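Here is a short report for a reader new to this structure. Look over the sequence and the model, then read on.

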Amino acid sequence: MRSATIRRKTNETDIALTLNLDGSGRSDVKTGVGFLDHMLTLFAGHGRFDLNVSCKGDTNVDDHHSVEDVGIALGEAFRQALGEKKGITRYGSMLLPMDEALVLCALDCSGRAYVRFAAQIPSQKIGTFDTELTQEFFLAFARTAGVTLHIKQMDGENSHHIVEAMFKAFGHALGQAVRVDPLRADEIPSTKGVLA
């Protein structure tokens, strides 16, 4: 089973996270940041990952540490669950519409961390959520997982729709990339022979 359990404890957050790459999209997410809970639930459902997350963080300060550290923990879980990445498709992409919003997500489980985040989210807040934390989450994930990640907003006016489209597209693209290709189930998907 391609799965991982992560425990991350700092002076700012205490996180327990379990991930099954070959799940059915079931999730139980309690990060203390309501909007992030909603986004990760959508991410797991659209990627068909089983995901449980519990985070106790210093949200009395703000949500930054919790959002960033959950991204780190999720990236670590993907890195561990993928192991040497034998048999995976490696690449994934999705152009996802969410009402008036349109978002492209493309990624490579290359072992090389890189993020290109091109978006103009109109409002600074979605409820109590700071929209600038969206990019922080994706940066934390990609750096820890070793993923090349491109997220580009093609259209959109409603901040909630734009960010939701990002997380749904991210789930679809990552689900595609980590899926095992039956034609190459025993191969590392690189002419170098290693993805690191």
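This is a predicted model: local features need pLDDT of at least 70, side-chain atom pairs count only at pLDDT 80 or more; totals for chains, interfaces and linings use all residues.

Arg90 sits in the loop between α2 and β5, while Asp108 belongs to strand β6, so the bridge ties together parts that are 18 residues apart in sequence. Are these two residues buried or exposed? Both Arg90 and Asp108 are buried.

## Other salt bridges

How many salt bridges does a search of the whole structure find? The search gives twelve. One of them joins Arg2 and Asp22, whose closest N and O atoms are 2.8 Å apart. Arg2 lies in the segment before β1 (3-9), and Asp22 lies in the loop between β2 (13-20) and β3 (27-30), so the pair ties together parts that are 20 residues apart in sequence. Arg2 has a relative accessible area of 17%, so Arg2 is buried. Asp22, at 46% relative accessibility, counts as partly exposed.

Asp69 and Arg8 form a salt bridge too, and here the closest N and O atoms are 3.6 Å apart. This pair links distant parts of the chain: Asp69 is in helix α2, Arg8 is in strand β1, and 61 residues separate them. Asp69 is buried, with a relative accessible area of 4%. Arg8 is partly exposed, at 25%.

## Paired strands

With strand β5 (residues 91-98), β6 pairs in the antiparallel sense over eight bridges. Gly92 stands opposite Leu107 of β6. The hairpin of β5 and β6 has two residues between the strands. In that hairpin, Asp99 takes a positive phi near 55°.

Strand β10 (residues 148-155) is joined to β6 by seven bridges, and these strands also run antiparallel. Here Cys105 stands opposite Ile151 in β10.

## A nonpolar patch

Which residues make the nonpolar surface patch of about 250 Å²? Leu95, Leu104 and Met154 do. Leu104 is found in strand β6 (residues 101-108). At 30% relative accessibility, Leu104 counts as partly exposed.

## Aromatic rings

A search of the whole structure finds twelve aromatic pairs. One of them is Phe43 with Phe78. Their ring centres lie 6.3 Å apart and their planes meet at 65°, so this pair is edge-to-face. The pair links distant parts of the chain: Phe43 is in helix α1 (residues 34-47) and Phe78 in helix α2 (residues 64-82), 35 residues apart. Phe43 and Phe78 are buried.

Phe137 and Phe138 form another ring pair. Their centres are 5.5 Å apart and their planes stand at 80°, so this pair is edge-to-face as well. Phe137 is buried, with a relative accessible area of 1%. Phe138 is buried too, at 0%.

These pairs belong to a wider picture. Ring pairs link Phe43, Phe49, Phe78, Phe117, Phe137, Phe138, Phe141, Phe167 and Phe170 into a cluster.

## Cysteines

How many disulfides does the structure hold? It holds zero. Cys109 is in no disulfide, and the nearest cysteine sulfur, that of Cys105, is 10 Å away. Cys109 is buried, with a relative accessible area of 1%. Cys55 also counts as buried, at 7% relative accessibility.

Lys192 has its place in the segment after α4 (159-178). Is Lys192 buried or exposed? At 66% relative accessibility, Lys192 counts as exposed. Lys192 and Asn158 are 34 residues apart along the chain, and their C-alpha atoms are separated by 43 Å.

Methods: Residues are numbered from 1 along each chain as its sequence is written. Side-chain values use heavy atoms; hydrogens and water are left out. Rings of Phe, Tyr and Trp (its six-membered ring) pair if their centres lie within 6.5 Å; planes under 30 degrees apart count as stacked, over 60 as edge-to-face and the rest as tilted. Helices (H or I, at least four residues) and strands (E, at least two) are DSSP runs, numbered from the N terminus. Buried means under 20% relative accessible area, exposed over 50%, partly exposed in between (1.4 Å probe, protein chains only). A disulfide is a pair of cysteine sulfur atoms within 2.5 Å. Patches are made of residues with over 30% relative accessible area and no salt bridge: like charges are joined within 9 Å, nonpolar side chains (Val, Leu, Ile, Met, Phe, Trp, Tyr) within 5 Å. Accessible areas come from the Shrake-Rupley method with a 1.4 Å probe; for residues, only the protein chains shown count as cover. A salt bridge is a side-chain nitrogen of Lys or Arg within 4 Å of a carboxyl oxygen of Asp or Glu. Two strands pair if DSSP finds at least two bridges between them.
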